[in-house]
Amino acid sequence: MKHLLYLKELNQSTISKLLAKAETFLSSKNFPPQEDKNLQGITLANLFLEPSTRTRSSFQIAAKRLGADVLNIDDQHSSRVKGESIIDTIQTLEAMGVNYFVIRHKERGILSKIVASLDSDSHVINGGESVDSHPTQGLLDLLTIKKHKKGFDQIKVSIVGDIKHSRVARSLAEGLTIMAGKKLALIAPEEFKPNMEFYPKAEHYKNLDQGLVNADVVVALRVQKERIENLTETMSPDDYFEKYGLTKKRLQLCNEDVIVMHPGPVNRGVEISDEVADGANSVIREQVTNGIAIRMALLSMMQAEVMK
Ligand code: CP
């Protein structure tokens with residue numbers, strides 16, 4: 001685990017260890033804990049070339065809690081606006097001794113190119129690439145599910161919304177497959193139906209109510225307008241909510257102890273109602289907290305391998 005680009009690169013044993021380690025952090029009296037400082041003397045750089053609140057902040061908090069120094073590169077005020085390529089920027093930071101790069105980028109395959117260009121022993125972690133991969137989001141989603149459900153192989157997970165443009169859905173599906181998840185329902189209108197080759201074990205539903213029946217976990221997704229070329233809205237936000245919005249009434253189709261997840265940011269009144277987003281079944285804020293724990297676990301385990 002020198003780099004983490006795709007969740008599918010990890011095996012079940014590694015994911016289980018990451019989840020267990022994250023749970024030990026979460027069980028600390030003062031979360032996030034400060035005592036495990038195995039990133040002392042290490043520098044982590046966040047390079048987010050797309051907007052982020054949760055991922056970038058939680059990597060910063062996680063790395064600092066582990067004793068690292070953190071650089072947040074502000075892309076809009078960096079020399080990239082003068083024409084420097086991302087590869088040259090990374091190599092420049094590498095020459096300054098940066099050890100870990102957390103990178104978010106819209107270009108498919110850019111993370112592999114960056115890894116190939118590295119001169120030193122530095123590490124690359126994918127903070128979200130194109131519509132393909134967001135591995136630490138997948139891990140925090142697995143952690144959230146594990147904390148509430150008995151086993152990945154015994155539950156039905158329903159993902160609702162713009163799945164075609166969702167790297168969150170892709171990474172969660174990869175993680176569920178590795179963890180022997182058996183039932184995955186993808187609920188989306190035709191324009192948001194993904195290439196099902198990426199979801200070999202899943203079933204697609206156009207009808208929200210049908211896809212929600214007996215779900216144990218529901219993941220609502222935002223419509224990713226920024227990724228849709230030639231956006232012509234076939235449905236108004238109100239029509240979309242009518243057909244695909246998660247409401248309290250619709251939640252009754254799921255199992256009683258269903259948990260409702262959302263990677264954020266949430267568009268209230270479009271993919272989810274206020275009462276569901278803030279309701280008793282919602283674990284949306286818990287996902288955010290779990291994001292710090294899983295990123296601490298990842299950094300801690302990657303660094304432990306370096307120290308071996
Ligand atoms: N879930 C997620 O990636 O959120 P941010 O875009 O705020 O990082």
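Predicted model: local features only at pLDDT ≥ 70, side-chain atom pairs only at ≥ 80, totals over all residues.
Strands here are DSSP runs of at least two residues, numbered from the N terminus.

**Stop 1: Leu47**

Select residues 43-48. This is strand S1, and Leu47 lies in it. Is Leu47 buried or exposed? Its relative accessible area is 1%, so Leu47 is buried. Now show what surrounds the side chain.

**Stop 2: Thr55**

Move on to Thr55, in helix H2. Thr55 has 4% relative accessibility; the cut-off for buried is under 20%, so Thr55 counts as buried. Select its contacts next. Beyond residues up to four places away in sequence, Thr55 touches Phe48, Arg104, Gly127, His134, Thr136 and Arg295.

**Stop 3: H2 against H11**

Select residues 54-65 for helix H2 and residues 284-307 for helix H11. At what angle do H2 and H11 pack? The angle is about 50 degrees, and the axes are 8 Å apart. That makes H2 oblique to H11. The crossing of H2 past H11 is right-handed.

Now colour the residues that make the contact:

- From H2: Arg54, Thr55, Ser58, Phe59, Ile61, Ala62, Ala63 and Arg65.
- From H11: Val288, Gly291, Ile292, Arg295, Met296 and Leu299.

Colour by residue class and you will find eight nonpolar, three polar and three charged. Thr55 and Arg295 are both in this contact.

**Stop 4: Lys147 and Glu286**

Side chains of opposite charge can pair when their charged atoms come close. Lys147 and Glu286 form a salt bridge, with the closest N and O atoms 3.0 Å apart. Lys147 lies in helix H5 (residues 135-148) and Glu286 in H11, so the pair ties together parts that are 139 residues apart in sequence. Lys147 is partly exposed at 37% relative accessibility. Glu286 is also partly exposed, at 23%.

**Stop 5: Asp257 and Lys149**

Where do the partners sit? Asp257 is in the loop between helix H9 (248-251) and strand S9 (259-261). Lys149 is in the loop between H5 and strand S5 (156-160). This pair links distant parts of the chain, 108 residues apart. Lys149 counts as buried, at 9% relative accessibility.

While charged residues are displayed, select Arg108, Asp132 and Arg170. Salt bridges that share partners join these three into one network.

**Stop 6: Glu107 and Lys113**

Finish with Glu107 and Lys113. Their salt bridge has its closest N and O atoms 3.4 Å apart. Glu107 is partly exposed, with a relative accessible area of 33%. Lys113 is partly exposed as well, at 47%.

Key: Residues numbered from 1 in each chain as written. Heavy atoms only, no water. Axes fitted to C-alpha atoms, helices over the stretch in contact; angles between N-to-C directions. Helix = DSSP H or I, 4+ residues; strand = E, 2+ residues; numbered from the N terminus. Parallel < 35°, antiparallel > 145°, perpendicular 65-115°, else oblique. Left-handed = near helix turned anticlockwise from the far one by under 90°. Contact = heavy atoms within 4.5 Å. Nonpolar A, V, L, I, M, F, W, Y, C, P; charged D, E, K, R; others polar. Salt bridge = Lys/Arg side-chain N within 4 Å of Asp/Glu carboxyl O. Buried < 20%, exposed > 50% of the residue type's maximum accessible area, 1.4 Å probe, protein only.
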